[in-house]
Structures are given as structure tokens and as C-alpha cells.
Amino acid sequence: MTYLFLQQYWWLLVSLLGALLVFMMFVQGGNSLIFTLGATDDERKMLINSTGRKWELTFTTLVTFGGAAFAAFPLFYSTSFGGAYWLWMLILVTFVVQAVSYEFQNKQGNLLGARPFQFCLQLNGILGPLLIGGAVATFFEGSNFLVQKANLLSLTDDAGGGLIISSWANASHGLDALLCPWVLILGFALVFLTRILGILFFINNIEDENIRTRGAERLIGQTIPFLILFVAYICHVLLKDGYSYDPATGVIVVEPMKYLHNLIDMWPLAVILVIGVFLVLYGIIRTIRSNTYIGGIWPTGIGTVVTVLVLLLLAGWNNTAFYPSTADLQSSLTIINASSSEFTLRTMFYVSLLIPLVLAYIAYAWRSMDRKKITQQEIKESHHTY
Amino acid sequence: MTLLTVDPQAIDWARAQFALTAIYHWLFVPLTIGLALIMGIMETCYYRTGKDFWRIATRFWQRMFGINFAMGVATGIILEFEFGTNWSNYSWFVGDIFGAPLAIEGIIAFFLESTFVAVMYFGWEKVSRGFHLASTWLTGLGATISAWWILVANAWMQHPVGCEFNPDTMRNEMYSFFDVALSPYAVDKFCHTVTSAWIIGAVFVVGVSAWYLLKNREAERELALQSMKIGAIVGLISSVAAAVTGDESAYRVADVQPMKLAAMEALYNGGEDQSLTALAWVNPFQQPDYKNEAEAPMRLAIPNGLSILATRTLHGYVPGVNDILKGYTRQDGTVEPSAQEKMERGRIAIAALKEYRESNGKDKEQQLAKLKDNIQYMGYGFIKDESELVPYIPVNFWAFRIMVGFGTLFILVFAFMIFLNWKKKTASQPINDGGQPFGPYPKWLLWLSIILIPCAYIASESGWLVAEFGRQPWTIQDMLPVSASVSDIGSGAVATTFFLFLTLFTALLIVEINIMLKQIKRGLAL
């Protein structure tokens with residue numbers, strides 16, 4: 001295993017975690033639709049209890065994404081989180097309030113009542129995907145930061161250094177990203193995608209005719225804007241300039257249509273992308289057309305993972321700067337200059353061999369729990385409901 | 001020459017924010033770990049005996065677990081990401097080592113916990129008894145493994161091992177994963193922290209059960225008596241284990257963080273035959289005049305206690321604050337340079353590194369050699385004044401005594417409860433069968449059990465105050481000070497998020513406590 005292989009391997013794993021996170025955000029998408037799909041209190045309770053049995057997994061995927069990024073690409077972790085401070089803080093706050101909202105909302109002694117917590121679930125349901133989508137878009141659109149390692153050695157005022165290695169070149173600390181229309185386009189595409197996934201998950205997980213019918217009807221309204229936004233963004237990415245680096249010198253240059261070139265150079269990814277998009281559409285269309293089909297979450301979910309994975313691989317593989325700096329070209333981060341040492345990546349490689357085992361027990365537990373679908377009767381009789 | 005250009009207020013706010021998040025996080029996590037053990041024991045009783053009582057008891061404590069669990073998760077995510085958001089330099093400087101435990105924690109522990117916690121809550125009627133029991137234990141195991149990895153990371157900050165500085169990448173890089181993961185400091189820290197979490201679980205269970213007995217709640221009487229029995233056994237074993245591991249931790253602190261030990265003991269001037277301070281007057285609101293005072297006033301001490309604790313010998317040498325600042329000779333004969341010398345050599349290391357990065361050829365090699373000679377003290381190059389090297393003594397001194405004092409009390413209380421259970425077996429029988437309303441426990445002990453709940457939290461948080469305040473001014477002991485670890489964020493921004501989290505966490509804590517109290521009041525009623 002060469003150092004380069006390990007760097008690419010870890011970009012693959014971080015990308016996979018990012019892709020799984022997007023899929024698992026069906027929890028957020030579902031929560032944003034609680035009042036749309038649930039006409040009565042009983043129906044809303046079923047919806048909340050449906051996503052409420054999976055939210056910990058979404059949360060864990062987000063945390064593990066952060067941990068893996070820290071371990072494998074610490075310069076990205078220190079630059080992005082320390083720089084785009086407000087963007088990440090907003091994301092975190094929406095997830096914090098979501099975490100407690102399930103357990104607290106309907107418990108006796110909840111001083112605030114159920115409404116604020118239901119609002120928090122919806123807030124996270126919309127802002128979570130929007131902001132995470134926006135953060136992902138910065139992998140293509142770039143961010144306004146500088147990296148200067150020698151700053152750490154600037155002990156004096158007169159040396160002109162600020163002691164801090166990574167700094168943001170403007171005062172907005174990440175909020176500037178939300179002024180970029182393309183960032184918002186990908187962000188909203190993710191909002192609609194997670195709502196599609198949420199509906200498909202409810203249809204699969206809840207045995208209730210009203211919710212299933214209403215869900216299938218609402219799918220169209222989510223799918224059309226998603227497709228428009230997604231196709232627009234894909235076209236934009238494939239045609240835009242990207243940053244590429246010389247693997248021998250590390251020097252970064254602007255390359256027109258870099259991501260299109262990546263797709264051509266790594267043509268198997270193009271094939272996988274097409275398969276991913278097909279699966280996404282297959283799950284949606286079959287659910288809309290058939291009253292009895294409830295398994296749409298699986299093809300659409302797998303398609304989502306595959307599609308997002310390919311997009312993230314396009315951002316980091318093939319000598320591409322995955323975190324471009326719009327303030328200083330040479331500060332841009334690549335899987336070479338931002339990664340951990342070979343020793344750490346190799347050690348982590350061995351740890352990552354446990355991932356199939358983790359996926360296997362998640363699948364087993366998921367299947368065991370979801371074999372019996374959620375019903376009104378179960379929610380009424382169960383000792384532990386949200 | 002003015003050292004450091006980072007806004008000092010931003011550093012303070014970043015510290016305050018991290019401390020706030022960590023303190024809140026540690027309000028919830030120990031109960032999660034502690035209750036998981038007790039729930040596991042109870043469900044195992046259900047699995048083995050088939051008695052419905054144990055299922056009901058498990059589900060009751062599971063309800064408490066659930067209310068608490070979400071807050072632990074919510075505060076935990078902020079902690080992890082704050083390394084990046086508020087400690088950007090730190091994240092690069094040691095991310096090669098520090099990131100790995102965090103990633104492993106996610107892959108191995110968090111997924112285990114989050115997968116099986118859902119089965120534990122909702123799977124009673126959906127999966128087999130065996131699978132459910134396994135899920136309960138796996139949830140607890142996940143929480144405990146998670147504690148292992150985050151404590152490995154924390155122990156590494158206290159005693160960095162298994163790494164070396166790479167001047168080309170400008171960071172520390174790991175060369176031995178096993179040195180990091182199995183550092184004796186980490187092993188002690190894990191054992192001490194997890195056993196302290198079990199104490200909180202036990203104290204909570206015993207305290208809640210005591211309330212049911214005091215209130216003569218007939219429906220919950222058996223739950224209370226059985227829970228108190230299990231709680232007392234878990235509590236005694238874990239508090240004795242915490243004392244043993246605490247002693248071992250202190251021994252290691254003496255070796256690798258002598259300044260922390262000196263601050264914990266308010267030991268200004270050390271020497272041989274050092275006594276262990278039981279109590280003394282250290283003004284909680286003012287750093288003592290350690291340079292001029294011989295020792296803290298009104299000192300009650302155990303002769304030679306500190307020498308035994310720190311060196312495992314009766315007459316061992318223990319350095320005080322002033323000795324460490326002036327330089328001293330260790331037990332093994334090695335000479336520890338003065339603070340001034342370390343600071344000077346630290347600046348030489350930084351200057352050599354700067355030259356190394358800017359020069360070529362032979363000069364580069366010379367600078368590298370100079371850097372290697374002084375790299376051990378590079379962190380000291382960021383220190384402005386030697387007084388910065390002394391942590392805030394009052395916090396360390398009092399927090400240590402609060403922790404040890406309550407820990408001793410827990411041992412006595414749990415041992416007494418077990419004794420009463422053994423001595424007055426008939427008192428636990430049903431009341432119409434000769435049992436007593438309060439079981440074998442006197443009324444005062446039941447009240448004390450309730451009072452001990454907040455005490456357990458205070459003791460546990462005090463332990464963390466000692467660990468973290470005692471490490472100051474370092475983020476990573478002797479390697480990187482807090483002042484050089486921060487992000488490029490203005491103090492206003494960090495202050496804003498500090499108050500945001502303060503308000504949010506406090507509001508949620510109030511809601512959680514109120515829900516918890518209502519649920520306790522509700523008891524076994526559905």
C-alpha cells in the first residue's frame with residue numbers, strides 16, 4: 001500500500017460516509033413533512049416515531065464523518081471548521097435541538113410543551129440538509145481561506161504573522177457561502193432529496209393507508225424541484241473551472257471543465273453515476289405509479305448513496321483540490337497536502353476493515369426492527385413512544 | 001518584543017466554551033454509562049429467571065436512561081466539532097494523532113450504541129428476549145468503548161506519547177498506535193472515569209429508590225428494595241475501584257505532570273518526606289502567593305502521605321511549584337531544567353524551525369540539529385512568563401478534595417447499605433410478611449441517599465476540573481499551550497456562541513430535570 005493509495009482510500013471512505021449521511025437524512029426530510037403528511041395527532045405520532053427510531057444512526061454518521069475527516073485530513077478539519085465557523089455552528093445547533101426533541105416533546109414535565117420541539121424537528125429537517133448541502137457545494141465552489149503553516153512560528157507582532165495556520169479571508173466565517181447561488185441550489189436540491197427519501201421511508205416503515213397515499217401524492221411535488229435543481233447543478237459542475245494540482249510539485253492551477261475531465265478520465269465513475277441516478281428515479285417513479293409498492297426507499301436510497309459518492313470522488317480524486325481556496329490558489333486543500341501521515345492512514349486502514357461488520361449488524365438490527373411495520377395500534381399500546 | 005498576536009479574549013472565550021460544553025456533556029454521559037450497567041444486570045436477571053418483575057424494573061430504569069441519553073448525544077457532537085471550530089491550530093498540529101481515536105470512536109463505538117439503543121427502546125415486542133438482552137448490553141458496551149477512545153485522546157493530551165515532530169509538515173506525527181492506545185496513563189484514566197460513571201449510576205438508582213421508600217410507595221417498594229441492593233453492590237465495587245485507579249492516576253500525574261500534582265496539593269516548596277494535605281486554607285478566589293508562602297495556612301496533613309502517593313516510597317522527593325519553576329533533580333537522578341531555561345530553549349527550537357524552513361543545504365542540516373536538541377521544549381517557546389506555567393491552584397486544590405471526600409463517603413455509605421441488607425434480611429420482605437416500610441434502611445440513610453445524587457455529580461465534575469485545570473496552560477502537556485491552539489475567530493463570535501450554548505443547554509437541562517422528576521413521581525404507572 002503506497003501513501004497515495006491510502007490517501008485515495010481515505011477520501012473514498014470520507015466520501016462514502018458523506019454519501020451515507022445524505023441517505024440517512026431521510027430522517028430530516030421526513031421530519032420536515034410531519035405536518036404535511038400527518039393529518040391527525042395519531043398520524044403525526046406515527047411519523048415522529050418512525051424517524052425517531054433511526055435518528056441516532058443519522059447523528060452517528062454525521063459524527064463519524066467529522067471524526068474520519070479529522071483523522072484522515074486534519075488540515076481540512078482545522079481549516080473548514082475553524083474558518084467557516086458560523087456555517088458549522090448553525091449546522092450543529094440544528095442537530096443539537098433535534099436530538100432532544102424526540103424524547104422531550106411528549107413527556108410529562110416538559111415545561112416548554114410539544115410545539116417548540118416539533119418546530120425544532122422541522123427546523124433541523126430543512127436547515128440541516130440545506131446547510132450540509134451548502135457545505136458540500138463549497139467543495140466545488142471554493143471558500144475564502146488562507147493556509148500558512150509558517151504562521152505558527154510568528155511569535156512576535158513585528159513578524160506580521162498571526163500565529164494561526166488557517167484563517168478566513170473575510171469576516172463572515174462561512175456565511176458568505178450562502179450568498180453564492182450555486183451553493184444554495186445544491187443546498188435546496190438536498191432539501192428536496194431528503195424529503196423524497198423521507199416520504200419513501202414513511203411509506204415503507206408505516207402501515208397506514210392514509211399516510212401511504214398522501215406520501216405518494218406528495219412525491220411528485222418534491223421530485224420536480226429536486227430534478228430541476230440537481231440537473232442544473234450537475235451541468236454547472238461539469239462545465240465549471242476546477243483546481244488541479246501537479247502530483248510531483250503540489251502546485252495548484254485552474255483547469256477549465258476540470259470535473260468533466262475527471263468524469264471522462266475516471267469513466268467507470270460516469271457509469272456508476274448514471275446507474276445511481278437511474279436507481280433514484282426508479283424508486284420514485286415506481287412508488288408513484290404503484291399503490292402496493294412500498295420498497296422505493298431502497299433503490300432510491302442506494303441510488304442516492306452512489307450518486308453522492310461519485311460527486312464527492314470527482315471533487316477529490318484525479319489530482320483535484322477538494323477544498324479550493326478562492327482567496328489563495330496555493331492554499332487549496334488536496335488529499336495530498338491535507339492528509340495525515342502514512343503511518344496514521346495505514347493504521348486507520350486496518351481499523352476500517354471493521355466497517356463491513358458494522359454495516360452487517362446495522363442491517364441485521366434494522367431488518368429485525370422493521371420487519372413489523374409501525375401501526376396506530378402499536379403506537380397506542382407501546383410503553384415507549386415519542 | 002510582544003509575544004503572541006492572538007486576541008487573548010478569544011482564547012479565554014474558546015476555553016470557556018469548551019469547558020461549558022465538556023461540563024454539560026459530563027452531566028449526562030456518566031449516568032448513561034452507569035445506568036447501562038444496572039439495566040444490563042436487571043435484564044440479565046429477567047432473562048435467567050423469567051420473572052416479570054425484572055422486565056418491569058429494567059424498563060423503568062430504561063425510561064430514565066432514555067431521557068438522559070439524548071442530551072449526552074447532543075452535547076457530545078458539539079464537543080467533537082469544537083476541536084475544529086475553536087482549536088484550529090491544535091487540530092492541525094496534533095490531528096495526525098488525535099483524530100484517529102475520534103474516528104475509531106465513531107466507527108466502533110457510536111454505531112454500536114446508536115444501532116442497539118433503538119432495539120433496546122423499541123424492540124421489546126419485536127425481537128427475541130436474547131437479542132433484546134444483547135442489545136441492552138451492547139448499548140452499554142458502545143457507550144463504554146466510546147469512553148475508552150475519547151479518554152485515550154484526553155490521556156494523550158495529558159501525556160503525549162508515540163509521536164514525533166515533523167519539521168517538514170509542521171505537525172506531530174504518530175509512530176506507534178499502541179503507545180497511544182494503550183498508554184498506562186490512558187488505561188488508568190479509562191478505569192477511573194468509567195468506575196466513577198458507575199458510581200453515578202449507582203448513586204442515582206439508590207437515591208431514586210430511597211425516595212420511593214420514604215414516600216411509602218407500595219407499588220414501587222420491591223423495585224426500590226431490589227434496585228437499592230443492586231445499586232449498593234455496584235456502587236461499592238465501583239467506588240473502591242475508583243479509589244484504587246485514582247491512586248494510580250495520581251502516581252502517574254506525579255511522574256508526567258508534576259505541576260498538576262503540586263497545584264492539587266498546594267505544595268509550593270517540595271522535598272523529601274512530603275506529607276499529604278488533608279485540609280488547608282487556600283483562598284478559592286485568589287491564586288496564592290506561592291513564591292513567598294512556605295505552605296498553605298492551617299494545614300492538616302498525613303505524614304509522608306504525598307511521598308508514598310507520588311513515588312511509592314516513604315521518603316520520596318516530591319517537587320513543589322517553586323522547585324518546578326527553578327528546576328530540580330528527579331528521583332531517578334535526571335535533572336529537570338528551570339522554566340526560564342525551557343522557555344529559552346523553546347524559542348531556540350522555534351527559531352531553528354523557522355530557519356530550517358527558509359534555508360537550504362548545510363545550513364538546513366544545522367538548523368535541524370539545533371531543532372532536535374531543543375524540540376522537547378518547543379512548546380515553552382510560546383510561553384510569555386513563567387507564572388503562566390502555574391495552573392490556578394485553588395480550583396485544583398479544592399476540586400481534588402471534594403472528589404476524594406465524596407468518594408470516601410460513597411464507599412462508607414454503600415458498604416453500610418450492604419451490611420444492613422445482610423444483617424436485616426427479613427426487613428426487605430413484604431410488609432404483611434414481617435417486612436419494614438423502609439426495608440433494612442434507617443430513615444436518615446434514605447435521606448442521605450437522595451442528597452448524595454447531586455454530590456456524585458459534583459464529585460465527578462470536580463475530577464474533570466482537576467484533570468483539565470491542572471493541565472493549564474497546556475492543551476498538550478509541554479508541547480502546545482492553549483494560547484497557540486486556537487482558531488482565527490474573534491472574541492465576539494466565540495462569546496456569542498458561548499452564550500448561545502449556555503442558554504440552550506441550561507434550558508434543556510431544566511426541561512430534562514423536570515421530566516425526570518415527573519417520571520420518577522409517576523413510578524411504575526404506565
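Predicted model: local features only at pLDDT ≥ 70, side-chain atom pairs only at ≥ 80, totals over all residues.
Strands here are DSSP runs of E with at least two residues, numbered from the N terminus, and two of them pair if DSSP finds at least two bridges between them.

**The hairpin**
- Strand 1 (residues 163–166) and strand 2 (residues 171–174) of chain B run antiparallel, paired over 4 bridges.
- Asn166(B) sits opposite Arg171(B) of strand 2 of chain B.
- There are 4 residues between the strands, and Met170(B) takes a positive phi near 60° in this hairpin.

**Domain 1 against domain 2**
- Chain B splits into domain 1 (7–86 + 489–519) and domain 2 (90–182), with 17 Å between their centres, taken over C-alpha atoms.
- On each side of the meeting, 15 residues are in contact with the other domain.
- On the domain 1 side, helix 1 (8–49) and helix 2 (52–86) of chain B each bring at least two residues, and helix 1 gives the most, with 9 residues.

**Chain B against chain A**
- Here 75 residues of chain B are in contact with 69 residues of chain A.
- Several elements of chain B supply at least two residues each, including helix 2, strand 2, helix 12 (339–358) and helix 16 (491–522).
- Helix 4 of chain B gives the most to this side, with 21 residues.
- The chain B side comes out as 47 nonpolar, 17 polar and 11 charged residues.

Methods:
Residues numbered from 1 in each chain as written. Chains lettered and ligands numbered in written order. Domains from an automatic or database assignment. Contact = placed C-beta atoms within 7 Å. Nonpolar A, V, L, I, M, F, W, Y, C, P; charged D, E, K, R; others polar.
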